Amino acid sequence: MSSTNEVIFNEVSSLFEKVSFEKISDRKYAVSIEKRQVVSFLETLKRKGFSHMSLITCIDWIEEKEFEIVYTLFNWNTGTTLMVKTRTSREKPVVPTIMEIWPTAKFYERDIHEFFGVKFEGNPDLKPLILESWEEIPPMRKDFDPEKYSKEHFPDRAYEVDFLVKGSENDE
Amino acid sequence: MTKQQSAWEKVANMLRARSLWMLYYCTGCGAIELPPTMTSRFDMERFGISPMATPRQADILLITGYLSTKTLRRVIYTYEQMQAPKYIVGFGSCTLNGGIYYDSYATINKLDLYIPVDLYLAGCMPRPEAIVSGFKKLMEKIDRGEADGWKRYQENYEWYKKNQLSALGEVYIHDEFHE
């Protein structure tokens, strides 16, 4: 038995406080949830039909001093994508793990831990997944300057600019 | 800058230039231009160049596209496994100057600092015509004895090692396949 999106969203809204599902398009919705409720919220959604966790990603809102974790869920009965967003402070970014709900989340969490420095409480294995011998701050944070890092570590090729009139490369 | 070749070297280089086995290390998007170059339309094999699956039997190491530091470690491993004489072709603008990844924290900008490159194929991407023309150039260079990257690597090993270490920290690979 499959229920429509409205039925699922009404049922979930009655269980959690201050939750409003925002419609982006016909088959795309978004919702924000507090960090402490995120595990039970995702568990409820999974039981109601959003059984497929497509992706976990992270956004660095540097001016608001917050990280936003976005869980993208998919419902195979209605073909609907739902983005569940939660925020955590930038100084001490800790989010509970959702490995118990979707075991594959382990690797997304490792990835976010490596590239943003967000700690996932309860994930036993947060060792680096992609980078090797990385010593700087996590590279996907907005305050990391990749060009400066590249200049320091990987020398550029020196070019003789003889195919342009002198000074013309600065003219717009 | 033609070096004096002995008679034996002349014969050997002539033969080497006419039978090249190529290991294509598909690091980036450049690999997509190789199937048309290999197959019937451009038919690389008429020049005696054919693909080879293992580094130990290959003559050319073709680096197709950008190299991240992680891949560079593997490329150095692969290059050291190959038997001399061996030639490296840098393919696409990413190997020349970083290409569109010039400001990436993970991608090197200049391949010939780390391994000796005999020939660069510029372009993003070079078309099969450019690849075929590049290989013809490489064959001529080998014939004349100018493609001596493998000798330069032996002579300037300390310099290459120093550059590799400054970019990578260490060349040794720690992963499930190497430990």
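**Aromatic rings and one aspartate: a note on the predicted model**

1. Start in chain A. One aromatic cluster there is formed by Phe9(A), Phe16(A), Phe21(A), Tyr29(A), Phe41(A) and Phe50(A). Keep in mind that this is a predicted model.

2. Now take the aromatic pairs. Over all chains, a search of the whole structure finds 18 of them. One is made by Tyr153(B) and Tyr157(B). Their rings sit edge-to-face, with 90° between the planes and 5.5 Å centre to centre.

3. Tyr153(B) also pairs with Tyr160(B). This pair is tilted: the planes are 45° apart, and the centres are 5.2 Å apart.

4. How exposed are these tyrosines? Tyr153(B) has 6% relative accessibility, so it counts as buried. Tyr160(B) is buried too, because its relative accessibility is 4%. Tyr157(B) has a relative accessible area of 30%, so this residue is partly exposed.

5. Chain B also places a lysine over a ring. Lys86(B) lies over the face of Tyr79(B). The distance from the ring centre is 4.2 Å.

6. Back to chain A, for Asp125(A). This residue lies in a loop. Strand 7 (119-121) is on one side of that loop and helix 4 (146-153) on the other. Is Asp125(A) buried or exposed? The residue is buried, because its relative accessible area is 17% and the cut-off for buried is under 20%.

7. What does Asp125(A) touch, leaving aside neighbours within four places in sequence? The contacts are Lys106(A) and Arg110(A). With Arg110(A), the side chain of Asp125(A) makes a polar contact of 3.5 Å.

Technical notes. Residues numbered from 1 in each chain as written. Chains lettered and ligands numbered in written order. Predicted model: local features only at pLDDT ≥ 70, side-chain atom pairs only at ≥ 80, totals over all residues. Heavy atoms only, no water. Phe/Tyr/Trp six-rings, centres within 6.5 Å; stacked < 30°, edge-to-face > 60°. Buried < 20%, exposed > 50% of the residue type's maximum accessible area, 1.4 Å probe, protein only. Lys NZ or Arg CZ within 6 Å of the ring centre and 35° of its normal. Helix = DSSP H or I, 4+ residues; strand = E, 2+ residues; numbered from the N terminus. Polar contact = N/O pair within 3.5 Å; in protein donor to acceptor, adjacent residues only side chain to side chain. Contact = heavy atoms within 4.5 Å.
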